[in-house]
Amino acid sequence: MEIKGDDLLFLFGAGASVDAGIPMSNAMVKKIEDLIIEHDDWRPYKDLYYYLKSSINYSDGILGKFDEQFNVERLLVVITEIEKRESNIMYPFIGTWNIRLLDLAGNNFDNIKRFHKLIRNQLNKWVGLRNYDAASYWQSFVALSTDIGQLMKIFTLNYDLCFEKIVGKEKVIELGFTQETHEWHSSNFDNTSGKHYNLYKLHGSVNWYITNDKLHQSEKIEDNPELIFGIQHKMTSVDPYFYYSSILRIACLDEAKIIVIIGYSYADEYVNIIISQALNMRSELRVINVAPFLASNEQKEKSRIIERLKLKNEEQLYLINATAKDFMTKTMNKDFFIAHIKEPEGSPF
């Protein structure tokens, strides 16, 4: 059996970059909690942070979601929505802000704005690595591209540059930006000649910025990069995000035979829905989920993913108990994926 580039679809979550030294979003929250206790710049926002975290956990409890993970993305989603103040679409229905929030947010919500900026700056430091020596395990995608010899699609929920910095040294990666102007155009993905990977950064990147309502790519990490959190822009008509989610849907529904998911927590509902629809429409489609877990928790982990994907046929899900680094360097190759391809019922091959 042979394998084509379109047969494989990769989706990266935060766990794919942990081995490179970039903390998971829930670990970032722990670091923020340390900073507000130990660092003078952060200490003034301690009570505000505790209020926001408690409110988010309270909201989860009302819905019976007692195991929901609190992470830096969820914190930033809430801060972003509060920052809108009267322009928030729900404001006319709310009537007034919580008295405790008004007390902590400060005049014109200035404390909220400053705390938001502080977190975003720290996020840049965590995600923007000084060097990429620890990210060398991504080199495995160079070998995979050579073996398969066709363009492959990579979707990532991460903001970091690990894939570009490591794989981009030897393989041509299309990110959608015109070389001369550094401006993003969807048409750049149409020309596949000489390219090895199309990389779709579903949540933005630390080296993206907006000028005159146009998305551009920088050679450096931006002070205020174009990143999205939670509901902001997702599944709307705003490009490149709408374009990327459309390509993900087409690839899942029509092209891919294996979706390789590495280090993803299944916390993004819009991504889960796209994958779920494809799996329940195409019995031959398989998900290979790569993440470390306790061996005794394998069935629990499988059940969690099945529930998140609303999966009807659990045989479509294959778990690999490994870190991203171990999977990429010890398991991932052309023969491994060929062994996991399932042809549609009635297929002559």
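**Close-up views of a predicted model**

View A. About 60 Å³ of space lies in the largest cavity, one of two cavities of 30 Å³ or more in the structure. The model is predicted: local features need pLDDT of at least 70, side-chain atom pairs count only at pLDDT 80 or more, and totals for chains, interfaces and linings use all residues. Residues are numbered from 1 along each chain as its sequence is written, and side-chain values use heavy atoms, with hydrogens and water left out. A cavity is a set of points, on a 1 Å grid over the protein atoms alone, where a 1.4 Å probe fits but cannot get out; lining residues have an atom within 4 Å of a point. Grid points are joined across faces, edges and corners, and a volume is the space filled by probe spheres set on the points. The lining consists of F12, S17, W138, T156, N158, D160, C162, F163, E164, L199 and K201. Two or more of these residues come from each of helix 8 and strand 4 (197-201), and helix 8 gives the most, with three. By class, the lining divides into five nonpolar, three polar and three charged residues. Here Ala, Val, Leu, Ile, Met, Phe, Trp, Tyr, Cys and Pro count as nonpolar, Asp, Glu, Lys and Arg as charged, and the others, Gly among them, as polar. Helices (H or I, at least four residues) and strands (E, at least two) are DSSP runs, numbered from the N terminus.

**View B. The second largest pocket.** This pocket has a volume of about 580 Å³. A pocket is an open set of grid points with protein on both sides within 12 Å along at least five of seven lines. Of the 21 residues that line the second largest pocket, I173, L175, F177, Q217 and E219 are the closest to its centre. Helix 8 (162-167) and strand 3 (173-174) are the elements that give two or more residues to this lining. The lining residues divide into six nonpolar, nine polar and six charged.

View C. Seven strands form an open sheet with parallel pairing, in the order 3-4-2-1-7-8-9. Strand 3 and strand 9 (317-320) are the edge strands, each pairing on one side only. Two strands pair if DSSP finds at least two bridges between them. Strand 8 and strand 9 pair in the parallel sense over four bridges, with Y318 in strand 9 as the bridge partner of I288. Between these two strands the chain passes through helix 11 (residues 298-309), and this β-α-β crossover is right-handed. A crossover is right-handed if, with the strands pointing away from the viewer, the path from the first strand over the helix to the second runs clockwise.

**View D. Strand 7 and its two partners.** Strand 7 (residues 258-262) is largely enclosed by the rest of the structure, because five of its five residues are buried. Buried means under 20% relative accessible area, exposed over 50%, and partly exposed in between (1.4 Å probe, protein chains only). I258, V260 and I262 point one way from strand 7, and I259 and I261 the other way. Five bridges join strand 7 to strand 1 (residues 8-12), in parallel, and L11 stands opposite I261. Strand 8 (residues 286-290) is likewise joined to strand 7 by five bridges and runs parallel to strand 7. In this pairing R286 stands opposite I258, and N289 is the bridge partner of I261. Strand 7, helix 10 (residues 269-281) and strand 8 make a right-handed β-α-β unit.

View E. K257 lies in the loop between helix 9 and strand 7. The residue is buried, with a relative accessible area of 16%. Contact means heavy atoms within 4.5 Å. Leaving aside neighbours within four places in sequence, K257 is in contact with D6, D7, R282, E284, L285, R286, I341 and E343.

**View F. I221 in a loop.** I221 is found in the loop between strand 6 (214-217) and helix 9 (241-255). At 29% relative accessibility, I221 counts as partly exposed. Apart from neighbours within four places in sequence, I221 is in contact with N124, G128 and V206.

**View G. The buried residues of helix 7.** In helix 7 (residues 140-148), S140, F141, V142, L144, S145 and I148 are buried. These buried residues pack against strand 1, strand 2 (152-156), helix 8, strand 4, helix 12 (324-331) and helix 13 (334-340). G149 follows helix 7 and has a positive phi, near 75 degrees.
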